Amino acid sequence: MSVSVSISHAFERFAVEAAFEVREGGVTALFGPSGAGKTSIVNAIAGLLRPRKGQIAISGKPVLDTDAGLFVPPHARRVGYVFQDARLFPHMSVEDNLRFGWRRAPVRATAQDVDHLIGLLGLEALLGRKPSGLSGGEKGRVALGRALLSSPELLLLDEPLAALDAARKAEILPYLERLRDEARIPMLYVSHSLDEVTRLADTVILLKDGRIAARGSVFDLLGDLEFSAASGAPAYGAALDVTVSCQRVEDDLTVLAFAGGELVVGRLDRPIGTRLRVRVRAEDVMLAREEPRAISANNVLRTDVSAVHEGPGAQADVQLDCGGTKLVARITRASVARLALVPGVPVFAIVKSVTVDPRILPAPED
Amino acid sequence: MLSPAESEALLLSLRVSLVAIVWAFPFALAVALLLAHRNFPGKTLVEGVLTLPLVLPPVVMGYLLLLAFGTRGPLGAWLLHTLGIRFAFSWTGAALASGIITFPFQLRAIRLALEAIDRGLGDAAATLGARPLDRFVNITLPLALPGIVAGAITAFAASLGEFGAIITFVSNIPGETRTLPLAIYSALQAPGGEMVAARLSALSIVLALIGVGLAELAQRRARAMLGP
């Protein structure tokens with residue numbers, strides 16, 4: 001299953017001009033600041049917005065082709081849509097909401113699949129309730145279940161967490177991760193939160209002023225200076241695709257292996273071999289030209305400088321290549337000059353174990 | 001308890017009002033849908049014309065109806081000859097007049113109910129595979145139902161009190177067009193009719209109270225429908 005999109009649409013204040021493809025499986029994040037045209041694109045894919053010009057195909061079937069005068073209405077597109085504001089039907093119980101799309105699906109999920117999904121989303125206790133009695137997080141989960149039970153060929157999620165507070169986000173994110181790992185439906189996830197993108201996405205499309213500014217794997221992009229410059233994301237760091245390789249029980253530490261080295265972090269209760277995502281913030285990486293000895297930090301990684309971005313102010317970002325894995329260090333411009341850091345220079349990156357983002361995230365099973 | 005003439009007036013009033021609400025409803029729903037969901041040139045003018053029955057003197061309304069639907073009026077003559085429907089001096093004429101005069105009550109209530117529905121719900125239903133008619137029947141109508149019922153009850157209650165248009169259009173014929181207000185008026189015209197007028201007035205008050213109670217009940221039902 002895949003989606004190919006190519007649209008151009010002029011709004012009153014701005015225009016959207018984008019072409020991309022979402023391939024089978026996994027989560028593609030449509031990332032960018034508010035007003036970048038993210039929602040317009042997903043609305044066009046769902047058929048809720050009719051672009052002036054463009055072609056959209058879902059699983060190879062064209063649903064929009066303005067040259068040929070083709071417009072498949074939303075009810076015939078088989079696209080699941082999870083809206084930011086949930087949009088549950090207020091006059092129906094949770095169960096009737098969940099079954100709304102299921103009843104109308106050309107191919108219905110089996111009773112077992114329905115029960116499994118209800119369990120996966122933790123909705124058993126809510127089935128008889130009305131939406132007005134649900135918390136924001138519960139509404140989000142029902143909306144997710146409702147969309148999935150319509151057996152869509154593609155799931156669109158338009159900032160499903162944006163309206164929720166931190167506690168509710170933390171409640172829903174694990175469900176989204178489980179869905180990504182289990183449901184095998186390609187998802188297009190709209191977000192302006194780098195945190196969510198880092199946790200969920202495999203591929204990131206950066207949208208800026210209605211155009212695609214960058215695209216690539218989440219690991220490549222997050223450690224990429226061009227991406228962070230373009231996204232204007234305030235605090236960023238590299239995301240690392242790691243595997244639990246060793247538990248140092250006596251020290252309460254866990255060793256994580258990645259392409260290019262190892263990272264020692266505080267103890268993580270995960271079996272050896274578990275794939276995870278960790279985030280190493282740029283501010284937490286220190287650089288040294290010579291291998292430091294007698295240092296408290298547990299992680300001293302051999303890297304090469306691959307790019308340097310100076311400014312604004314005293315800051316400079318240094319992009320590092322650690323055996324194929326990207327890292328970023330945020331240091332001062334003065335330090336860049338003192339250490340003579342230019343692309344190609346070998347340098348040691350020092351990362352304190354305690355600074356590695358404790359929100360360790362499961363990576364998708366391949 | 002009630003004399004035959006009194007209960008005749010009561011039953012006639014109920015029948016006229018019920019028929020008035022029922023025939024006007026589909027028109028009110030259609031126009032409300034149009035006004036709530038569509039913009040078109042001259043919309044403000046249409047809205048103005050549709051509230052006219054509310055502000056025009058009922059006697060004027062009755063006179064206009066007489067011109068149009070009287071047996072020699074263009075619409076009246078056509079209806080009589082093609083469909084055999086006669087409005088002049090008939091209770092159906094009273095129902096026609098009541099329906100037109102209370103039309104704005106129904107229209108306004110339905111329109112407000114439709115406009116209060118989050119349009120996003122229809123979009124959500126569409127992405128879940130619901131066609132336009134399916135969305136109307138299963139999302140729009142149930143959510144607008146409290147407003148529809150409230151509008152119908154208000155219109156019914158208002159219709160029970162219609163006087164000027166009925167007496168002008170279809171006259172004051174006992175058993176045919178003499179509804180409660182006309183019966184009260186006639187009683188007061190007759191010598192010694194004060195007692196009858198008082199009893200019929202009390203009856204009207206009771207009916208009005210029942211109407212208010214039903215409207216309140218409908219609102220509670222609606223809240224319960226959307227409640228937890």
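Buried area is the accessible area, taken with a 1.4 Å probe, that two parts lose on being put together, summed over both. In this predicted model, chain B and chain A bury about 1900 Å² between them, and 67% of that area lies on carbon and sulfur atoms.

**The interface of chain B and chain A**

- The contact draws 23 residues from chain B and 22 residues from chain A.
- One salt bridge is found across the interface of chain B and chain A, and in this bridge the side chain of A:R104 meets that of B:D134 at 2.6 Å, N to O.
- Four residue pairs, with both residues at pLDDT 80 or more, are in polar contact across the interface of chain B and chain A.
- On the side of chain B that touches chain A, the elements giving two or more residues are α6 (119-127), α7 (132-160) and α10 (194-226) of chain B.
- The residues on that side of chain B comprise 14 nonpolar, five polar and four charged.

**Two helices within chain A**

- Helix α3 (residues 111-120) and helix α5 (residues 166-183), both of chain A, have axes that come within 10 Å and cross at roughly 145°.
- From α3(A), the residues A:H116, A:L117 and A:L120 meet A:Y175, A:R178, A:L179 and A:E182 of α5(A).
- Sorted by kind, the residues of this contact between α3(A) and α5(A) are four nonpolar, one polar and two charged.

How values were computed:
Residues numbered from 1 in each chain as written. Chains lettered and ligands numbered in written order. Predicted model: local features only at pLDDT ≥ 70, side-chain atom pairs only at ≥ 80, totals over all residues. Heavy atoms only, no water. Axes fitted to C-alpha atoms, helices over the stretch in contact; angles between N-to-C directions. Helix = DSSP H or I, 4+ residues; strand = E, 2+ residues; numbered from the N terminus. Contact = heavy atoms within 4.5 Å. Nonpolar A, V, L, I, M, F, W, Y, C, P; charged D, E, K, R; others polar. Salt bridge = Lys/Arg side-chain N within 4 Å of Asp/Glu carboxyl O. Polar contact = N/O pair within 3.5 Å; in protein donor to acceptor, adjacent residues only side chain to side chain.
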